[in-house]
Amino acid sequence: MEKLQYNFSSKTNKLSEFGITAGVVNSGNLEILLEKHDKVDELFIEINTTVPGFAAVWQAVISDFVAKYAVGACKFTINDCGATPAIVSLRLRQLYELAASGNQGNDYSNSRYLELNARERINALVDGGSFTEIMPAINKIVSPHLGQLDLPVEFDDGVIIGTAKISGKPVYIASQNYAFMGGAVGEVNGAKLSGICLKALKDKVSAMIFLLDSGGVRLHEANAGEIAISELIAAIIQLKLASIPVIGIVAGRNGAFGGIGIVSQCLDAIIVTENARTSVSGPEVIETVMGVAEYDSSDRALVWRTCGGRHRSIMGDAFYSSKQIGDIRQKLLELLDKPTLFNEKTLLDEYQQLEQRLIDNQNSRDGIDVWAIAGLSNPQQIPDLSDSDFMELLK
Amino acid sequence: MKYQDLLQQLFGNEINYSVDNNVLLGDAAFDNQQFSLCGIVDAAQLDNVMSLKLAKFILDKVNLDPKFNLLIFIDTGGQKTSRQAELLGLNRYFAHLIKVIHYARAKGARVFSLVYGSALGGAFIAAGLNAEKVYALAEAQIAVMWLEAMSRVTKIPLVRLEELSKSSAIFAPGAENFVKLGVIDKIIDPAAFLPQIISDIGGAAPSINHWRELADVRGGRTLANKIVSQVIND
């Protein structure tokens, strides 16, 4: 890691929004945080980069940005993970424009959930302007463990938590940032997840919502991540015992695997889309351990027939939605209106359902076998159906 | 330690158990206390059938009398790595077991686990880590992933990981690391285990913050407890 610092004399003050970020800490990318500066006549830029030895290039890119935009007195902090000069310029400009425009909310009604980042997904699902982030990037509560391994940190440690409203009802929400370390759970990230659940319990909110998008435990802090997932599960169970609905959405790039795959099934319900995948071990892990004959992780159709959103909804482990943000929100509203139960009877019912599944599927080797046993006609055509035809079939 | 030897040492003749498909189920007595026993033996990988069997045993006990003592014995090589296990929704089976254990605790059961062999990956999350307190024998092998595999996946040289693991409990295998991180209450001798449980049962079950508070005191996780309190009180 290398730290670089630049300051420029600047007396203007053109920006109206602080504490905001642009970009993400991911290979070839970077995160920039904009803050007020304690000196009124200085623009201060600090860079923490994984790629040392490029001070001259940084100097050129930063000077160019400052000259072009005359940004004013403020402070930029950059967590870089090998971004090219073009990407650096782009992110600086994005953040500047966001700050200069007063960070007006966007209209996400035509957006695809998959393409939004963790914060945008929250804003797209909750009532406009209702989201208040807890422990946001500006608090800079980062993983103390990644730096030891010369890895870059992110200011929110890969998860966004906070309070919001959905159709006027108070809900708490957590959204995993798939782009930072695969959305994986470490000490800080996991404590934020447990914390928001226990806050939801204390404040008796209408629901706790998880936007899951994670490969599971962050291996660089594996023990802490595994423990954090168990602590999160314990907190989720307390919400269930208190009859506070806990709803998840698995519709992102990474799906829900490992410990987070287990967490997803501890919730009262999850919403999935066609692109969703969830299981404990991922296809690559099973292929590595058991060989390609057991599981060819490059066979995308096989992967989706084994752990994809359609398969999980046919089995009754998830509720299906199209990828459109409006449809996901509609499904979320429906689930929030349903009472959730967690008692001896629901556990016995679940036991019987899971036992029956094993009896019925003793010879099932493929999703198509499972779908045929579930009584669906033309099971081999299910992956090719449109979302609306598939949902019609599920009814 | 072989489960046969361990159980003999713990309960002598005051025990009745069976092992089928690597799942241990039984009942035993010690010092005028009755215990229900369940667990995984021979470092087996935990699969759908086994998870369900453990869950049913506990559900039946709750139905009979929710105020019971449960000991979960852990020796597992992790989750079953097979396409069919995942096809049928292994995560749902694990979650079912987890919910049943926590439900039993909520209804008044006192639940403890003892790692007497291996405790790897997702199977530890599914079973042992849902107890109110977790203990381990000195010979216990606890890991999320072995360092060689971690080095391959993270592309961090093995020597670097080995060096760092001397000063940090955060990623390296080892029961002692899980003690520092607050999740293993203590490393315990077989002879001291049941007296310890009798003493635990004499007191109240620990709070939901127990592991984080221990981790803070022991210096293994210095941020988790602070962050959780800060978020709750925001």
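Pro339(A) is exposed in this predicted model. Its relative accessibility is 74%, and the cut-off for an exposed residue is over 50%, so Pro339(A) falls in that class. Pro339(A) sits in a loop of chain A. On one side of this loop is helix 10 (325–337), and on the other is helix 11 (344–360). Along the chain, Pro339(A) and Ser109(A) are 230 residues apart. Their C-alpha atoms are separated by 27 Å.

The largest nonpolar core holds 128 residues.

Val115(B) was then examined, with neighbours within four places in sequence left aside. Its contacts include Ile142(B), Ala140(B) and Leu137(B). Val115(B) also contacts Val134(B), Tyr135(B) and Ala136(B). Ile74(B) and Phe124(B) complete the list.

A pair of helices packs across the two chains. Helix 6 (residues 258–266) of chain A meets helix 4 (residues 90–106) of chain B at an angle of about 65°. The two axes lie 8 Å apart. The crossing of these helices is right-handed. Helix 6 of chain A contributes Gly261(A), Ile262(A), Ser264(A), Gln265(A) and Cys266(A) to the contact. Helix 4 of chain B contributes Asn91(B), Arg92(B), Phe94(B), Ala95(B), Ile98(B) and Lys99(B). By class, five of the contact residues are nonpolar, four are polar and two are charged.

How values were computed: Residues are numbered from 1 along each chain as its sequence is written. Chains are lettered from A and ligands numbered from 1 in the order in which they are written. This is a predicted model: local features need pLDDT of at least 70, side-chain atom pairs count only at pLDDT 80 or more; totals for chains, interfaces and linings use all residues. Side-chain values use heavy atoms; hydrogens and water are left out. Axes are lines fitted to C-alpha atoms, for helices over the stretch in contact, and angles run from 0 to 180 degrees between N-to-C directions. Helices (H or I, at least four residues) and strands (E, at least two) are DSSP runs, numbered from the N terminus. A crossing is left-handed if the near helix is turned anticlockwise from the far one by less than a right angle, and right-handed if clockwise. Contact means heavy atoms within 4.5 Å. Ala, Val, Leu, Ile, Met, Phe, Trp, Tyr, Cys and Pro count as nonpolar, Asp, Glu, Lys and Arg as charged, and the others, Gly among them, as polar. Buried means under 20% relative accessible area, exposed over 50%, partly exposed in between (1.4 Å probe, protein chains only). A nonpolar core is a set of buried Ala, Val, Leu, Ile, Met, Phe, Trp, Tyr and Cys residues joined through side-chain atoms within 4.5 Å.
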